[in-house]
Amino acid sequence: MSSAAKPGTTVKTTYREAIRAALREAMQQDSRVFLMGEDVGRYGGCYAVSKGLLEEFGPERIRDTPLSESAFVGAGIGAALGGMRPIVEVMTVNFSLLCMDQIINNAATIRHMSGGQFSVPLVIRMATGAGRQLAAQHSHSLEGCYAHIPGIRVVAPATLEDARGMLATALADPDPVLIFEHAMLYNMEGELPTDAGAVDIDHAAVRRPGNDVSLITYGGSLGKTLSAADMLAVEGIDAEVIDLRTLRPLDDDTILTSVRKTQRAVIIDEGWRSVSLSAEVAARIAEHAFYDLDAPIARVCSAEVPIPYPKHLEQAALPQPDTIVATVKSLFGESNV
Amino acid sequence: MTQGEIKDIVLKELVSIAPELEGEEIDPDLDFRDQFDFDSIDFLNFAIGVHEKLEIDIPEVDYPKMSSLTGCIAYLESRLSTTAKE
Amino acid sequence: MSEFLMPSLGADMESGILVEWMVKPGERIHRGDTVAVVETVKGIIDIEIYQDGVIDELRVQPGEKVPVGTVLATLIGEGEEMAVQQEPKAPEEKAPPEKPELAPIPPPAEPTRRHGPRISPAARRRAAALHVDLEAVIGTGPDGAITVQDVEQVSAETGPAAMRRAIAAAMTRSKREIPHYYLGTTVDLSYTLTWLERQNAERPITERMVYAVPLIKAVALALGKVPDLNGFWVKDHFEMSESVHVGVAISLRQGGLVAPALHDVQSKDLDTLMQEFHDLVNRTRTGHISLSEFTKPTITFTSLGEQGVEITYPIIYPPQVAIVGFGSIIERPWSIEGHIESRRVIKATLAADHRVSDGHSGAVFLNTVNKLLQKPEAL
């Protein structure tokens with residue numbers, strides 16, 4: 001995408017290509033930016049996001065790392081401390097368990113523990129989620145765990161605009177930002193304005209306005225939630241769909257404004273429900289919008305099992321449009337809306 | 001006053017107490033109480049209305065004679081002719 | 001019994017050749033011991049075993065090529081019988097370890113408060129704003145919970161439906177919360193009726209009295225003697241009323257029942273009461289009643305005699321604590337000083353709140369009413 005693109009025109013692109021465009025633009029505009037991770041260089045990225053970037057920017061700026069998350073995330077923290085603007089790619093959130101100590105104990109704390117003398121302007125990108133039959137150890141949605149940690153920001157782009165625009169804003173943040181890209185979204189196609197640029201990472205977005213129930217979700221579950229909203233419309237239930245976009249900090253205002261209007265809330269989260277992001281959103285709604293609720297808060301999450309390998313079981317374990325629809329309908333009891 | 005005129009007045013008074021009777025068929029021989037749930041105040045209002053329209057006194061002991069449409073018309077006819085004679 | 005299988009020593013290994021056994025049947029082996037030597041395309045490899053036991057049978061012979069997963073040997077665990085002849089070791093009779101006594105965790109205490117129907121917070125607020133009695137609302141939300149829509153639907157109701165709902169709510173609450181006791185007595189009304197007939201014969205039709213009026217006055221005067229039937233139950237205690245405001249149960253032609261009040265009955269003469277009573281019934285039936293006439297009754301009076309019932313068993317209208325009912329006037333043989341006469345009698349029933357009064361109070365009340373109705377000129 002050239003910077004001389006005509007405003008008002010769109011181009012057909014994919015989520016993957018939008019991220020790639022964001023990476024290229026970041027690298028072109030700031031020489032301190034570099035990309036580091038497993039297979040990002042020669043292989044072009046496990047999900048082909050960085051395909052062609054090594055040829056364009058060279059091995060100093062597109063750096064293949066060994067299979068050692070703790071080491072290369074640590075190196076990223078060090079590079080950020082040293083004045084660079086690294087983008088560290090951890091292949092999937094599943095592998096980030098190996099560098100959780102670096103993220104939680106170093107990246108998240110250094111500003112605080114140095115009394116503000118140092119900051120870690122690091123961006124970590126991770127693929128997340130299930131749906132490709134990669135079985136229990138490779139299908140986690142752990143962004144909720146990271147959203148628990150003070151000192152970092154956590155975002156989840158679910159649209160082409162956000163895939164294209166969140167990276168620049170994350171790089172501009174002087175503190176660590178984790179970007180979670182749902183693996184099933186990379187092939188998502190759509191139209192993107194040719195002049196699409198940076199987007200804010202402070203607010204949730206109302207993707208579909210409605211009056212009867214607030215469906216609150218993020219990332220890979222947004223598409224399913226919008227499908228569910230269409231199915232509910234046929235049955236006379238007008239759903240409002242909120243894309244959280246930022247998981248830490250949560251945009252309380254958008255969430256609560258919506259729930260106060262619709263008086264019903266359903267949270268859709270691919271993580272498991274216990275001790276989860278969905279639990280946090282539910283708690284905040286109960287704390288601040290209790291007297292506006294006309295039905296109990298509901299959640300649609302993955303079944304409380306390690307994610308299965310066989311396709312039919314994996315699909316049965318994940319949130320789906322029809323389970324979302326059924327949950328919403330249960331909030332209306334016998335009354336016909 | 002003809003029997004027809006008396007009947008009209010009686011019906012009008014009944015309807016003023018029980019508006020739902022408007023245009024309905026009334027069994028002339030059946031007790032008001034049984035037909036349309038008249039209680040003592042209803043009957044009192046009815047009797048007062050008839051008393052005012054026909055300008056005759058209706059002693060309490062005669063109330064039972066006025067308990068049906070047929071009875072009403074017969075009683076009032078005789079009372080009117082009696083009064084006229086006086 | 002357990003099995004030692006030809007292991008897979010590489011992703012693409014399909015079979016291996018057993019080169020040599022390092023153990024014999026009957027030999028005790030331990031986890032980590034090398035038990036065999038196997039040849040694969042990658043070379044000759046020592047195979048360890050990962051369990052303790054005794055070698056039972058060697059199923060594959062040196063030189064045999066077998067697929068991965070083939071049972072190479074069987075083993076016996078501690079205390080098992082061997083397939084091959086061996087001195088059977090007397091298994092140690094080890095008593096199974098005692099299952100530790102788990103201290104029972106007492107179940108959570110049953111909540112002592114009775115919870116009513118489920119009402120969403122938003123519905124509760126809406127009901128307060130619209131002055132809707134939640135007792136009157138039927139919930140259609142999940143698990144029968146009351147929702148905002150349910151409240152708004154009730155609020156929007158007018159006319160007979162709204163009244164029916166209000167009656168339903170009040171009567172339900174009454175039967176649920178008020179412990180009723182019932183007393184009845186037969187009153188010889190002949191004196192009162194005769195007195196009334198004589199009075200009415202000398203009055204123009206517009207000033208004649210109906211028999212309900214002396215009944216109502218007698219009730220009000222009797223309450224002077226039994227004040228714990230006259231007042232309101234508020235939260236958890238009785239608030240006596242100084243004055244007697246009798247709620248008169250009036251049925252509406254279009255259906256429904258209301259009981260607006262005649263005020264300060266104890267201090268008014270019968271003529272005044274008749275005027276007020278007549279006016280009240282007329283206004284009620286034409287819909288011209290004020291709110292205070294509905295909220296102030298300190299007791300309710302109901303008479304169903306004209307519908308032909310002998311006895312009433314009335315239901316107290318909360319927050320009142322009593323209700324008096326009268327049936328029809330019937331001619332009955334009556335014993336007076338030893339001889340039988342035909343008398344016109346009426347059955348009076350009292351239903352009262354046992355939280356406030358006892359049968360004794362109720363009995364005194366009914367007796368007083370009876371006595372008062374034997375001297376109608378004093379009412």
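Which strand of chain C pairs with strand β2 (residues 15–21) of chain C, and over how many bridges? The partner is strand β4 (residues 34–40) of chain C, and the two pair in the antiparallel sense over four bridges. Here two strands pair if DSSP finds at least two bridges between them, while helices (H or I, at least four residues) and strands (E, at least two) are DSSP runs, numbered from the N terminus.

## About the model

This is a predicted model, in which local features need pLDDT of at least 70 and side-chain atom pairs count only at pLDDT 80 or more, whereas totals for chains, interfaces and linings use all residues. Residues are numbered from 1 along each chain as its sequence is written, and chains are lettered from A and ligands numbered from 1 in the order in which they are written.

Chain C has eight helices and 19 strands. Of its 379 residues, 31% count as buried, where a residue is buried if 20 or more other C-beta atoms lie within 10 Å of its own, exposed if 12 or fewer, and partly exposed in between, with C-beta atoms placed from the backbone. Two residues are in contact if their C-beta atoms, placed from the backbone, lie within 7 Å; among contacts in chain C between residues at least 6 apart in sequence, 60% join residues at least 24 apart.

Strands of a sheet pair through backbone hydrogen bonds, either parallel or antiparallel. In chain C, four strands form an open sheet in the order β5-β4-β2-β7, and the pairing is antiparallel. Because β5 (43–48) and β7 (65–67) of chain C stand at the edges, each with a single partner strand, one side of each is left without a neighbour in the sheet. From one strand to the next the twist averages 40°, with axes taken as lines fitted to C-alpha atoms, for helices over the stretch in contact, and angles running from 0 to 180 degrees between N-to-C directions.

## A hairpin in chain C

Strand β10 (residues 231–234) of chain C pairs with strand β11 (residues 237–240) of chain C in the antiparallel sense, over four bridges. The bridge partner of G231(C) in β11(C) is M240(C). Two residues lie between the strands of this hairpin, in which K235(C) takes a positive phi near 55°.

## Two helices of chain C

The axes of helix α1 (residues 121–130) and helix α2 (residues 148–156) of chain C come within 8 Å and cross at roughly 20°. That angle is why α1(C) counts as roughly parallel to α2(C), since angles under 35 degrees count as roughly parallel, over 145 as roughly antiparallel, 65 to 115 as roughly perpendicular and the rest as oblique.

On the side of α1(C), the contact is made by A122(C), A123(C), R126(C), A127(C) and L130(C), and on the side of α2(C) by V148(C), D150(C), V151(C), E152(C) and S155(C). These residues divide into six nonpolar, one polar and three charged; Ala, Val, Leu, Ile, Met, Phe, Trp, Tyr, Cys and Pro count as nonpolar, Asp, Glu, Lys and Arg as charged, and the others, Gly among them, as polar.

## The mixed sheet of chain A

Chain A holds an open sheet of five strands in the order β9-β11-β10-β13-β14, with mixed pairing. At its edges stand β9 (205–208) and β14 (298–302) of chain A, each with a single partner strand, so one side of each is left without a neighbour in the sheet. The twist averages 25° from one strand to the next. β9(A) pairs with strand β11 (residues 239–243) of chain A in the antiparallel sense over three bridges, and V206(A) stands opposite I242(A) in β11(A).

Helix α8 (residues 222–234) of chain A packs on the sheet, touching β9, β10 (213–217), β11 and β13 (265–272) of chain A, and its direction makes about 170° with that of β11(A). Helix α12 (residues 321–330) of chain A lies across β10, β11, β13 and β14 of chain A, running at about 160° to β14(A).

## A buried residue in chain B

I6(B) lies in helix α1 (residues 3–17) of chain B, and it counts as buried because it has 21 C-beta neighbours inside 10 Å. Not counting residues up to four places away in sequence, I6(B) touches M1(B), I73(B), L76(B) and E77(B).
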